[in-house]
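Okay everyone, thanks for coming. Let me put the structure up, and then I'll walk you through a few spots.

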Amino acid sequence: MAGFVFFAGTAAAEQYHEVQPGDNVYRIAQNYQVDVNAVIAANPSISDSAYIEAGQTITIPDQNGTSFTVTAYTAGPESTGKEPGDPAYGITASGEEVEEGRTIACPQSLPFGTKIHIPELDETYVCEDRGSAITNGHLDIYKEDLDDALEFGVQELQAKVWTY
């Protein structure tokens, strides 16, 4: 499969697009030369990609990515409700085993296998999991240790999204 980087183009800063009558997310993404899934994921206001309204402002990610609310979770009951010994303990929604420094839970607008680079953390994660609270504009990184996850807290971080 061929992949492409969602921030292709020469944009120098995150941009905003005011939706015009007749616009759709796909056409907007094409006009700005960005991946449609990255546009959807960067916009918490888009709950249904088939429905956007004229006058709505959409964030267009640039080569530096876009801002996401980032939290952390564990495989334990405090995050997943699963206990060690449960057959699904430590298994992501994609069927992969969780791994610190790799696993990230992404909104459904980003397909499994999407790579998410968070420069401030100097890590590139793979979208392998989902979560009921993980909506557009939100990412959740896997941490092995509960104290590390709690210490991570809630952060606003730039993230670059690559879909394949």
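**Salt bridges, a helix and a patch**

Let's start with arginine 102 and glutamate 128, whose side chains form a salt bridge at 3.0 Å, N to O. This pair ties together distant parts of the chain: arginine 102 sits in the loop between helix H3 (77-80) and strand S5 (103-105), while glutamate 128 belongs to strand S7 (residues 123-129), 26 residues apart. Keep in mind that this is a predicted model.

So, is glutamate 128 buried or exposed? It's buried, because its relative accessible area is 6% and the cut-off for buried is under 20%. Arginine 102 is partly exposed, at 23%.

Arginine 102 has another partner, too: its side chain meets that of glutamate 99 in a salt bridge of 2.7 Å, N to O. Glutamate 99 is partly exposed, with a relative accessible area of 40%. Through shared partners, Glu99, Arg102 and Glu128 end up in one network. And how many salt bridges turn up in a search of the whole structure? Two.

Next up, helix H1, residues 25-32. Its buried residues are Val25, Ile28 and Ala29. Look down the axis of H1 and these buried residues fall within an arc of 100 degrees, so they line one face of the helix. On the face turned away from that buried side, you'll find the exposed residues Tyr26 and Asn31.

Last stop, the surface. Glu100, Glu144, Asp145, Asp147, Asp148 and Glu151 make up a negative patch there. One of them, aspartate 148, lies in helix H4 (residues 146-152) and is partly exposed, with a relative accessible area of 34%.

Conventions. Residues are numbered from 1 along each chain as its sequence is written. This is a predicted model: local features need pLDDT of at least 70, side-chain atom pairs count only at pLDDT 80 or more; totals for chains, interfaces and linings use all residues. Side-chain values use heavy atoms; hydrogens and water are left out. Patches are made of residues with over 30% relative accessible area and no salt bridge: like charges are joined within 9 Å, nonpolar side chains (Val, Leu, Ile, Met, Phe, Trp, Tyr) within 5 Å. Accessible areas come from the Shrake-Rupley method with a 1.4 Å probe; for residues, only the protein chains shown count as cover. A salt bridge is a side-chain nitrogen of Lys or Arg within 4 Å of a carboxyl oxygen of Asp or Glu. Lys and Arg count as positive and Asp and Glu as negative; His and the chain ends are not counted. The place of a charge is taken as NZ of Lys, CZ of Arg, CG of Asp or CD of Glu. Helices (H or I, at least four residues) and strands (E, at least two) are DSSP runs, numbered from the N terminus. Buried means under 20% relative accessible area, exposed over 50%, partly exposed in between (1.4 Å probe, protein chains only). The arc is that of the directions from the helix axis to the C-beta atoms.
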